[in-house]
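Please examine the sequence and the structure shown here.

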Amino acid sequence: DAVIIAVGSQCEDALEAAERLEKEGISCAVYDPVFIKPLDGEMLREIADTGLPVITVENGASNGGAGSSIAEFFRKEGLGVSVTTLGIPDEFIAQGTPAQLKALCGIDADGVAGAVKTAISTSNDKLN
């Protein structure tokens, strides 16, 4: 139903989200690119071939971060992949525990699961 590309420590939240979604009948493949520079073009082309929406999640800036690089790769390659990037927004973030901050930024398991559902819904709307 969707592909999650999780960078670094966000793999744990992505896997937890995928497990929760599986219980709801939503299947997600979770990829860890291991490195961002250079991007693994072979892996990204393999993901594009699935035709599924892609959600990237990172604990860095979403603006100009790994998700942006991945989306740009798909665009430059003309692969037509729908990409949702999750990360830290380009705005002031209040103080809190790591769990509170991840939830606030939507990069915890709940946020990832919600983004997957939205991406699937949007993708289905385009098909109808």
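The following points describe the sheet, the helices and the nonpolar cores in turn.

This is a predicted model, in which local features need pLDDT of at least 70 and side-chain atom pairs count only at pLDDT 80 or more, while totals for chains, interfaces and linings use all residues. Residues are numbered from 1 along each chain as its sequence is written, and side-chain values use heavy atoms, with hydrogens and water left out. Helices (H or I, at least four residues) and strands (E, at least two) are DSSP runs, numbered from the N terminus.

**The sheet**

- Four strands form an open sheet in the order β2-β1-β3-β4, with parallel pairing; two strands pair if DSSP finds at least two bridges between them.
- The edge strands, β2 (28-31) and β4, each pair on one side only.
- On average, neighbouring strands of this sheet are turned by 20° against each other, direction ignored.
- The parallel strands β1 and β3 are joined by 4 bridges, and Ile5 has Thr56 in β3 as its bridge partner.
- Between β3 and β4 (residues 83-88), which also run parallel, there are 5 bridges; Ile55 has Thr84 in β4 as its bridge partner.

**The helices**

- Helix α1 lies across β1, β2 and β3 and runs at about 170° to β2. Axes are lines fitted to C-alpha atoms, for helices over the stretch in contact, and angles run from 0 to 180 degrees between N-to-C directions.
- The axes of α2 (residues 41-49) and α3 (residues 66-76) come within 11 Å and cross at roughly 70°. The two helices, α2 and α3, are therefore roughly perpendicular to each other (an angle of 65 to 115 degrees).
- Gly41, Leu44, Arg45, Ile47 and Ala48 of α2 make the contact with Ile70, Phe73 and Phe74 of α3, where contact means heavy atoms within 4.5 Å.

**The nonpolar cores**

- A nonpolar core is a set of buried Ala, Val, Leu, Ile, Met, Phe, Trp, Tyr and Cys residues joined through side-chain atoms within 4.5 Å; buried means under 20% relative accessible area (1.4 Å probe, protein chains only).
- The largest nonpolar core has 22 residues, and those with the most contacts inside it are Ile4, Cys28, Ile55, Val57, Leu86, Val112 and Val116.
- Two or more residues of this core come from each of β1 (2-6), α1 (11-23), β3 (54-61) and α5 (109-127), and α5 gives the largest share, 7 residues.
- Apart from this core lies another, of 12 residues, among them Val3, Tyr31, Ile47 and Val81.

How values were computed. Angles under 35 degrees count as roughly parallel, over 145 as roughly antiparallel, 65 to 115 as roughly perpendicular and the rest as oblique. Buried means under 20% relative accessible area, exposed over 50%, partly exposed in between (1.4 Å probe, protein chains only).
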